[in-house]
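Please study the sequence and the model shown below before reading on. The paragraphs that follow lead through selected parts of it, one after another.

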Amino acid sequence: MAKGAKKTRTVKKKAAAATTATAASRAAPRTAYVNARLIDPASGLDAPGGLLSEDGLIADFGSGLFADGAPENAETIDCRGRVLAPGLVDMRVRLRDPGHEHREATVSAAAGGITTIIVLPNTDPVIDSVALVEFIGRRAGEAGLINIYPMAALTQGLEGKEITEMGLMSEAGAVAFGDGISSIDDSLVMRRALSYASSFGLLIVQRPEDNSLASDGVMNEGEIATRLGLAGIPNAAETICLERDIRLLELTGGRYHASLLSTADSVDVVRRAKARGLNVTCDTAPPYFALNEIAVGDYRTFARLSPPLRCEEDRRAVVEGIEDGTIDAIVSDHAPHHQDSKRQPFAQAESGAVGLETLLAVALDLTRESSLPLSGMLGKVTCVPADILGLDTGRLRKGAAADLVIFDADAPWKIDADQLLSKSKNTPFDGKLTQGRVVRSVISGHTVFHASDLDA
Amino acid sequence: MSVSTSSIKKGETLIDTAMTLNAMHPDVLVVRHPDSGAVQLLSEKVNCAVINGGDGRHEHPTQALLDALTIRRRKGKLSGLCVAICGDIMHSRVARSNIRLLSIMGARVRVVAPPTLLPAEIGRFGVETFHHMKEGLKDCDIVMMLRLQLERMNGSFVPSVREYFRFYGLDYAKLEVAKPDALIMHPGPMNRGVEIDGELADDIDRSVIREQVEMGVAVRMACLETLTGALPQSGGKT
């Protein structure tokens, strides 16, 4: 018990040190960010310089800016040579109730340098109607909160049977369509969805999994699952669905995005589809390039994910896919769970992990462990997902919203679940040693997160 | 206490149940649970000794101990014996625990089953895998049959009871290829006419199924004694 009390105190201290969302929202009409390493993955800019934001927009930036000192009439923020980049765009976030969890998601996302999130339709109620899409849009307009866009359901009630009012929901603000955590089983429904969406140029997102093959599986099929006595999900469950979707896309045309690639074969399938000139994009999440099935250990439910963590060969293939550009984007796949739903026998526990706060740090490991340059990695969490979604964000551009992140790419960080700002602590990265900490997150010129301990 | 009559049925979580039981200050908890890993989870939350009475398809340690004891009483040893475990290996905690224990004790273990009833990478356990009884039982000392659950024999994992018995049910004909003194075991309860011929199961010259039950009592007594003997109030060593 004494240990528990101690932990609580630590959390409080951390919360006090990190100035977050509401407390620190300062309406700065003019802010000068000086002494920064400016990185804009979209243009390839990587140079020392500064940035000026005015009324929430980027007024100016460049390597020569503020060479003669900071301007007057502006708040000055010294970046101390750290990276100043566009705020991160996260294509895949799960919230149960996007209306109420918006503020909490902002706290978590901002701590991770994320300024725009796409929320999956698997909410209660399901985002499958114009009214709900509009509701999320209204909440998103509130000051000091993260930019949030809905991915709307592709089928009514996420039942995989009848397609939704995609055109109308697109007009209302939905940026992509898919059934989120569930995948569409019926090939005919999928064909019609792709076909119908193609006339509007809408993006279809699917996390490919053959549901009947995945069956009651709870982790990767293989030796470890057999030893633990857990039902397995074979790699083929992902590949079969992905390959089918791509064959359908060949019939229909349109835009298809595969989410959370976890196997070597999947990376291969997308690589070949791209070589054939199909309009396919895809993403993966940090667990799939930073962990393998061994993380399940002795029934660690925080490592219960969907798709499941795969074997080491698959993990390496995912890293290669990221390096060679086959995998376009990196998402957090943030899925907060109350601890009650994780403190269960493995097969009974909910699948999913929180990921907003650890996305950047774990992705930065790629720049150290693979040939991926920093700017290339940042592209996968900024301009590339923005482009896939058709959002005008994720890049440094004069006149665009000042959604920014300042981070120290080298600051050591031992990830500690208890110190995450998210209410849910279900991260598989607890205890991981990494490098890279967010110093400040800015949304429309407002600082929404500041790790003051790093600026002390 | 059974899950169906306990508070688990009323929505209580396993950990809450563990805390409740722990509050009664028991010396030992014996737990059987349908989920793999559940007993380990529970054991992390209580202060007393926990005996795994079977968790999901993961482990059934006392069954393996009683099987080993039965074999050793009859054969005088475990090392060097060839043991064929036949049937639904995939869903069997008995198979997993026996493979571990018997391998440690120096027996050679085979698994014999249709591919649909074998878990992935079972070969990594150090066993030999067979899909036909004739090959799998050849020259073995022990034939250990496993129970096939009803819901798995009607077209899902195997086509029918009739077909399963024809190819995987143990009868005198299939047993011919085993050693003449090969013993037959089954953890019970048996499905006569499904995985084992009823007459063979009752053959006191070949079947040690009833002796397994008897050894079960002895092994479980020994487990309880070992765990409680170390308790301070019983005056044992600490």
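In this predicted model, the buried residues of helix α3 of chain B are Thr62(B), Gln63(B), Ala64(B), Leu66(B), Asp67(B), Ala68(B), Thr70(B) and Ile71(B). Among the elements that cover these buried residues are β2 (49–55), α4 (93–104), β6, β7 and α9 (209–229) of chain B.

Five strands make up an open sheet with parallel pairing, and their order is β5-β4-β3-β6-β7. Which strands stand at the edges? They are β5 (128–130) and β7 (183–185) of chain B; each has a single partner strand, and therefore one side of each is left without a neighbour in the sheet. From one strand to the next, the twist averages 20°. Helix α3(B), residues 61–75, packs on this sheet and touches β6 (142–145) and β7 of chain B. The direction of α3(B) makes about 165° with that of β7(B). Within the sheet, strand β3 (residues 82–86) and strand β4 (residues 108–112) of chain B run parallel and are joined by five bridges. Cys86(B), for instance, has Val112(B) in β4(B) as its bridge partner.

Chain B also contains a cis peptide bond, which joins Gly188(B) and Pro189(B) with an omega of about -10°. Pro189(B) is found in the loop between β7 and α8 (198–201) of chain B. In chain A, a cis peptide bond joins Ser306(A) and Pro307(A), and its omega is about -5°. Pro307(A) belongs to the loop between α11 (286–290) and α12 (312–323) of chain A.

Two leucines of chain A deserve attention for their backbone angles. Leu158(A) has a positive phi of about 55° although it is not a glycine. This residue lies in the loop between β9 (147–152) and α5 (166–172) of chain A. Is Leu158(A) buried or exposed? Its relative accessible area is 18%, and because buried means under 20%, Leu158(A) is buried. Leu260(A), also a residue other than glycine, has a positive phi near 60°. Its place is in the loop between β14 (255–258) and α10 (264–275) of chain A. With 1% relative accessibility, Leu260(A) counts as buried.

Strand β15 of chain A, residues 280–284, holds Cys282(A). The relative accessibility of Cys282(A) is 0%, so this residue counts as buried. Leaving aside residues up to four places away in sequence, Cys282(A) touches His257(A), Ala258(A), Leu261(A), Val270(A), Thr326(A), Ile327(A), Asp328(A) and Ala329(A). Leu360(A) stands 78 residues from Cys282(A) along the chain, and their C-alpha atoms are separated by 18 Å.

Finally, the two chains may be considered together. Contacts link 18 residues of chain A with 21 residues of chain B. Between them the chains bury about 1,500 Å², of which 56% is on carbon and sulfur atoms. How many salt bridges are found across the interface of chain A and chain B? The rule finds one. Arg124(B) forms a salt bridge with Glu223(A), and the closest N and O atoms of this pair are 2.7 Å apart.

Terms used:
Residues numbered from 1 in each chain as written. Chains lettered and ligands numbered in written order. Predicted model: local features only at pLDDT ≥ 70, side-chain atom pairs only at ≥ 80, totals over all residues. Heavy atoms only, no water. Pairing = 2+ DSSP bridges. Helix = DSSP H or I, 4+ residues; strand = E, 2+ residues; numbered from the N terminus. Axes fitted to C-alpha atoms, helices over the stretch in contact; angles between N-to-C directions. Contact = heavy atoms within 4.5 Å. Buried < 20%, exposed > 50% of the residue type's maximum accessible area, 1.4 Å probe, protein only. Buried area = accessible area lost by both parts, 1.4 Å probe. Salt bridge = Lys/Arg side-chain N within 4 Å of Asp/Glu carboxyl O.
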